[in-house]
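Please open the model in your viewer and keep the sequence panel beside it. The stops below are meant to be selected in turn.

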Amino acid sequence: MALDRRQIVDEAVALLDAEGLDNVTLRKLAARLGVQAPTLYWHIPNKAALITAIADEILTSLPARAAAPEERWQEWLIGVALGLRRALLAHPDGARIISMAQLSRNMVALSESAMSTLVAKGMSLHQARVMVLTVERMTIGFVLEEQGPRPDEETAKSFDLTPYPTVIAGITEYFRPGRTVDDLFLDCVTLVVEGPPATS
């Protein structure tokens, strides 16, 4: 059976899930498909194109849900951010893939959907662009940190936080029993979208 782009992308995602982004190479991908690397170039000319193809595949899982007429745009956009985070977390280095991708059609489609929704809700084009870009980049950056390498035990133990009592108090207060990083993301993206609460 002739090799097609769909097979290549599916196998590339499988390689990503099995070995992480640093091990996703055209040579390894060709070996998994049982072909020589030059065979892939008919469909995927270089590593950058491969990264973009993987990014588009990762983002296919995003639900394309339009905002209801009575739905506040803030709630709808927060839902978009939650969906984007889930899609990125579904694959090792998902956020790195998206941040490296060049001209991902599905990422542009996400921006188009979000921006057009905000404009339809009465926001100016300029503000819609800034809001959507901020939420997208905040989400990708948040997941980049989540998926980044953790410090080894010795380094973590030697990192002294005692000169930073407010940081310690804030972390301790926030992560009281039952609170998770999911709560933290929701609170962060809600703050970005809704703005800080009014203070006297």
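Predicted model: local features only at pLDDT ≥ 70, side-chain atom pairs only at ≥ 80, totals over all residues.

Residues are numbered from 1 along each chain as its sequence is written, and side-chain values use heavy atoms, with hydrogens and water left out.

Begin with Ile54, Leu77 and Ile97, the residues with the most contacts inside the largest nonpolar core, which has 53 residues. Such a core is a set of buried Ala, Val, Leu, Ile, Met, Phe, Trp, Tyr and Cys residues joined through side-chain atoms within 4.5 Å, where buried means under 20% relative accessible area with a 1.4 Å probe and protein chains only. Next select helix α5 (residues 73-89), which gives the most to this core, with nine residues; helices are DSSP runs of H or I with at least four residues, numbered from the N terminus. Then centre on isoleucine 97, which, leaving aside its neighbours within four places in sequence, is in contact (heavy atoms within 4.5 Å) with Leu16, Leu21, Ile51, Ile54, Ala55 and Ile58.

Move on to helix α8 (residues 125-147), whose end C-alpha atoms are 33 Å apart, in agreement with the 33 Å that its 23 residues should span at 1.5 Å a residue; the expected span is 1.5 Å times one less than the number of residues. Among the buried residues of α8 are Ala128, Met131, Val132, Val135, Glu136 and Phe142. To see what covers the buried residues of α8, show α5, α6 (94-100), α7 (105-120) and α11 (181-194), which are included in that cover.

Which residues are closest to the centre of the largest pocket? Select Leu62, Pro63, Ala64, Arg65 and Leu110, which are the closest of the 17 residues that line this pocket. About 350 Å³ of space lies in the largest pocket, and α5 gives the most to its lining, with six residues. A pocket here is an open set of points on a 1 Å grid over the protein atoms alone, where a 1.4 Å probe fits, with protein on both sides within 12 Å along at least five of seven lines, and lining residues have an atom within 4 Å of a point; a volume is the space filled by probe spheres set on the points, which are joined across faces, edges and corners.

Finish at the second largest pocket, with about 290 Å³ of space, by selecting Ile98, Met107, Glu136, Arg137 and Ile140, which lie nearest its centre among 13 lining residues. The largest share of this lining, five residues, comes from α8.

Definitions and conventions. Buried < 20%, exposed > 50% of the residue type's maximum accessible area, 1.4 Å probe, protein only. Helix = DSSP H or I, 4+ residues; strand = E, 2+ residues; numbered from the N terminus.
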